[in-house]
Amino acid sequence: MEKYSVYVPRLVTKRENFAPGHRACIGCGEALAVRLACKALGQNIIIANATGCMEIVSSPLPYTSWRVPWIHTLFENAAAVASGIEAGLKVMMKKGRIAQREIKVVAMAGDGGTSDIGLQALSGALERGHDFLYICFDNEAYMNTGIQRSSATPYGAATTTSPAGKVSIGQFSWKKNMPAIAAAHDIPYVATACPSYPFDLMAKVQKGMAIQGPAYVHILSPCPTGWRCAPNLSIKVGRLAVETGMFPLYEVENGKYKLSLDLPKLRPVADYMKLQGRFRHLSEGIIKEIQQRLGKEYARLKEKAS
Amino acid sequence: MVKRVGIEVSLAIGDAVKLANADVIAAYPITPQTHIVEHLAELVANGELDAQYIPVESEHSAMSACLGSSAVGARTFTATAGQGLELMHEVLYVASSMRLPMVMAVANRALSAPLSVWGDQSDVMAVRDTGWIQIFVENGQDAVDNTLCAFRIGEDPRVLLPVMVHLDGFYLSHMIEPVVFPEQSQVDKFLPPYKYPMPLHPDKPVTMGAFAPPIIYSEAKKAQVINLEASKGVILECWQEFGNIFGRHYSPVERYRSEDAKVLLLTLGGFSETAMTTIDKMRGEGKSVGLVRIRLWRPFPFAELRQAVKNAELLIVLDRAISFGGPGGPVCSEVRSALYNEAKKPKIIGFVGGLGGRDITPAGFETIINRGIEVSQKGSDREFEIFGVRE
């Protein structure tokens, strides 16, 4: 978080590799995250994109928002497609079939494409050690199909398949800790980021790209449509997710945890929840339960980072 | 100097892939295909084949990795069987629809349940409509030759499609057969280095796999139909040239003593060679029987099939897969449909047999032919019969 200097924004490229004019919802935090990530990635890349919001908003034939080489095939296989691209480039450069140069392979997927249906392919690609960067754009549910719960949906959030009801609090399980699962593969670099902290996000994407071997960056991408909040609050909600400990920002470099933003004290989680309709139904008791668990988890993360 | 060697057919296919100088092999082990990719892993490990071998965690990822490597222009190979082919199912459509060439050997295997690692053609028939070019081979030499042809056909700039080479699980994949390998220099000439016209590369960014709204989806599909149908000309051209160079000739529909036969048997794949023995025996006894084998399964060889069977009175089709609750065998169903509007056509009787590794011996084929003749004369209340079931 050292990059707060007023000069920093001037150093960021004005070139948009993820072009404007795409069809994302108003206030989409994920489109912003992709845009920032693409600024950081530059042009010597090939992107393998999973099915999901970003694929749908950016590629209706015959249009495209991608100014870099980009391929979409299916929902659960972005990491596997990236494996093939990486291997193909490597061997063709070795055989002199294409010129030797640095081309980074980047896989992109949402939280469903990463922590649910694509987890096996991702685990395989991380374990095999391909030189690629995997970015998960996490908007905490299957938003493209209309706000269904995923394993990344936070506890208590109402979605269309985890609705709040007389006998239901909404999402019944705690958010799957995907960065920890990635880190458990002993890969050189894992980080969390949020477009509410744009320079931190871009720095992490660049770091993940520069590292040899697999890197994983998990980006919380506020979704006003699915989170039931005002579209002008995306940035604020993202900041609150970080400040309340709902989504702490950190890096895991060669197994070593480092907090990107060390919070002396977590903000009350209610500050975050009250802006979003998906948590509207929660009782004070449940909010207290969440608050307690967040405190414990943050303490555990701090201990890892100490 | 070319010489004839005895070699397990799976290993021979691996050696053919080495001769083709493949760039990427992404594969997952599954019986009875495993020996092919084991051999390739060994060739890569020993530095005999300069390729990337990706030992993926599933067949779904195997085919997905093949999409990626093909999209950057690498010569790509994989192999699978049975359940593995089914797990790849949705990815197969993507490979053909996005026109990403690659070659896949399929050691044909039955489908669960009950689990069976043994051979039949249930796996093939389930992926019949995935848009791949599909070729059946009958022996080891055929497998080697058509693995090489498959690369050449699929990578032809007029085609750009993935190709499946089907061989019988165990009955062919695990047999030791005599094979003449072409010289590397001959292969290099027949199969020059692959150049994909629109690879993913930062120098010329392309978007691949954009989605199609209703206004464009039908057009995309029609283009695919035209492309696959047009590939037949290139396939014929390839086999012609292969025959000229290597002296071994292949065609979409192959006949054996069928020209004047009143009764024809139709088969696909390795069982055809057993059936030939039966035809020889029955011909010796003065019976008017012959054999027709479909080699090119997709695109379907309508004209060649019609030509091959038009003078027969009876056509007995042997399927090694079942369309449950349907007309019986998928091959019989397609053959019947291909001939239905013909003015002059044989009567068609369908049998299903050789399921899950059950062998059909020369005597078995004789029983099938005789039973087919009987049914054609007396009629039957069934759409098809399953051969060789213990009651």
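Tutor: The account below begins with one helix of chain B and then turns to a helix pair and to the contact between the chains. The model is a predicted one. Helix α11 of chain B covers residues 302-309, and its buried residues are Glu304(B), Leu305(B), Ala308(B) and Val309(B). Viewed down the axis of α11(B), these buried residues fall within an arc of 110°, so they line one face of the helix. An α-helix has 3.6 residues a turn, so residues three or four places apart point the same way. The face of α11(B) turned away from the buried side carries Ala303(B) and Gln307(B), which are exposed. On the buried side, the residues of α11(B) pack against the strands β10 (253-256), β11 (263-267), β12 (289-294) and β14 (314-319), and against helix α12 (330-339), of chain B.

Elsewhere in chain B, helix α3 (residues 59-71) packs with helix α5 (residues 89-97) at an angle of about 15°, their axes lying 9 Å apart. The two helices are therefore roughly parallel to each other, and α3(B) passes α5(B) in a left-handed crossing. From α3(B), the contact draws on His60(B), Met63(B), Ser64(B), Cys66(B) and Leu67(B), while α5(B) contributes Val91(B), Leu92(B), Val94(B) and Ala95(B). By class, seven residues of this contact are nonpolar, two are polar and none is charged.

As for the contact between the chains, chain A gives 40 residues and chain B gives 39. On the side of chain A that touches chain B, α4(A) gives the most, with 13 residues.

Key
Residues numbered from 1 in each chain as written. Chains lettered and ligands numbered in written order. Predicted model: local features only at pLDDT ≥ 70, side-chain atom pairs only at ≥ 80, totals over all residues. Axes fitted to C-alpha atoms, helices over the stretch in contact; angles between N-to-C directions. Helix = DSSP H or I, 4+ residues; strand = E, 2+ residues; numbered from the N terminus. Parallel < 35°, antiparallel > 145°, perpendicular 65-115°, else oblique. Left-handed = near helix turned anticlockwise from the far one by under 90°. Contact = placed C-beta atoms within 7 Å. Nonpolar A, V, L, I, M, F, W, Y, C, P; charged D, E, K, R; others polar. Buried ≥ 20, exposed ≤ 12 C-beta atoms within 10 Å, placed from the backbone. Arc of directions from axis to C-beta.
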